[in-house]
Amino acid sequence: MPDVSVVIPARDAESLLGLTLDALHRQDLDGEVEVIVIDDASRDGTAALAEARGARVLRQERSEGAGPARNAGAAAATAPVLAFTDADCEPEPGWLRAALLALTTGADLVLGPVDPVSAPGPLDRTLHVGAHTGLFETANLVVRRAVFDRVGGFPQGFETPGEPPFGEDVMFGWMAVRSGARVSFCPQARVRHAVRPRGTREYLAERRRLGLFPRLAREVPELRRHFLYARWFLNRRTARFDLAATGLLVALALRRPLALVALVPYARLVHRDMRTSGRRAAAIRIAADGAAAAALARGSAASRSLVI
């Protein structure tokens with residue numbers, strides 16, 4: 001029996017999956033590691049590459065999303081510990097050793113840092129996790145098999161047309177916590193995440209997807225204490241944008257110029273964006289903030305759960 005089973009969902013991941021599997025071969029762990037790749041109806045050579053690198057491959061003929069793929073991989077796993085990462089990630093050599101040590105010293109579920117493999121551009125897609133955010137990011141999540149089975153694995157995420165399911169990792173993590181699982185954030189269990197170029201349209205589309213957070217906060221009220229800013233705001237940036245929008249509205253509608261002071265915190269963010277990323281990127285971020293605010297407003301109304 002292996003000491004740990006690493007489960008990796010992959011769809012059309014031929015260009016990056018090799019780096020992930022190579023990183024797993026470099027793990028400085030004395031025990032045995034089982035690597036399971038779930039090919040989620042890929043149209044490229046994902047499955048062939050995984051098999052060539054020695055992974056156990058499960059194929060899904062129809063794409064069902066990352067959550068069901070992870071559940072399928074966990075069902076096929078044989079180790080008492082399940083480690084989850086993604087096909088665009090590169091775990092550092094000490095990842096599994098540090099995570100397993102955390103499990104032996106009192107944890108049931110271990111999270112760790114996720115850093116970009118290189119400095120991202122202002123619109124690039126990547127992931128950075130420096131602490132336990134409450135989102136239970138599956139780029140770096142290790143859990144006892146008994147806990148995974150106790151909560152029934154990853155639930156169905158929220159479906160949106162043309163988009164992958166949303167929120168199943170967050171719901172899984174908090175289901176585990178509610179069941180009594182002890183969570184640890186292990187700084188030594190580090191994973192690197194790929195940086196992918198992203199155009200303006202894709203960047204704006206992802207910001208609109210934030211409109212699902214109100215529904216997620218309704219399902220997982222713990223997020224208001226552990227993730228949301230001041231319970232009602234998605235983050236500090238959305239709070240500053242909302243303050244600026246309110247101040248501008250009051251100044252124009254009620255002719256109260258002093259209300260324009262409310263624009264100052266957000267104006268400082270825009271100025272910082274201009275200095276670090278340039279005027280074009282700053283303008284795109286302003287448009288993205290507006291798209292996110294509109295999406296959050298719609299999502300809050302639809303779910304009757306306020307997140308702005």
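**Exercise 1.** Determine which residues S305 is in contact with, leaving aside its neighbours within four places in sequence.

*Solution.* Apply the contact criterion, heavy atoms within 4.5 Å. S305 then touches P214, A217, R218, R224 and S300, once neighbours within four places in sequence are left aside. Finally, assign its exposure. Buried means under 20% relative accessible area, exposed over 50%, and partly exposed in between (1.4 Å probe, protein chains only). S305 is therefore buried, at 6% relative accessibility.

The model is predicted: local features need pLDDT of at least 70, side-chain atom pairs count only at pLDDT 80 or more, and totals for chains, interfaces and linings use all residues. Residues are numbered from 1 along each chain as its sequence is written, and side-chain values use heavy atoms, with hydrogens and water left out.

**Exercise 2.** State how many aromatic pairs there are, and classify the pair of F136 and W174.

*Solution.* Rings of Phe, Tyr and Trp (its six-membered ring) pair if their centres lie within 6.5 Å; planes under 30 degrees apart count as stacked, over 60 as edge-to-face and the rest as tilted. The count by this rule is ten aromatic pairs. F136 and W174 are 5.6 Å apart centre to centre, with 85° between the planes, and the pair is edge-to-face. F136 is in the loop between β7 (114-116) and β8 (141-144), and W174 is in helix α6 (residues 168-178), so the pair links distant parts of the chain, 38 residues apart. F136 counts as buried because its relative accessibility is 0%; W174, at 6%, also counts as buried.

**Exercise 3.** Identify the bridge partner of L82 in β8.

*Solution.* Two strands pair if DSSP finds at least two bridges between them. Strand β4 (residues 81-84) pairs with β8 in the antiparallel sense over four bridges, and the partner of L82 is V143. Strand β6 (residues 109-111) also pairs with β8, antiparallel, over three bridges; there, L109 stands opposite V143.

Methods: Helix = DSSP H or I, 4+ residues; strand = E, 2+ residues; numbered from the N terminus.
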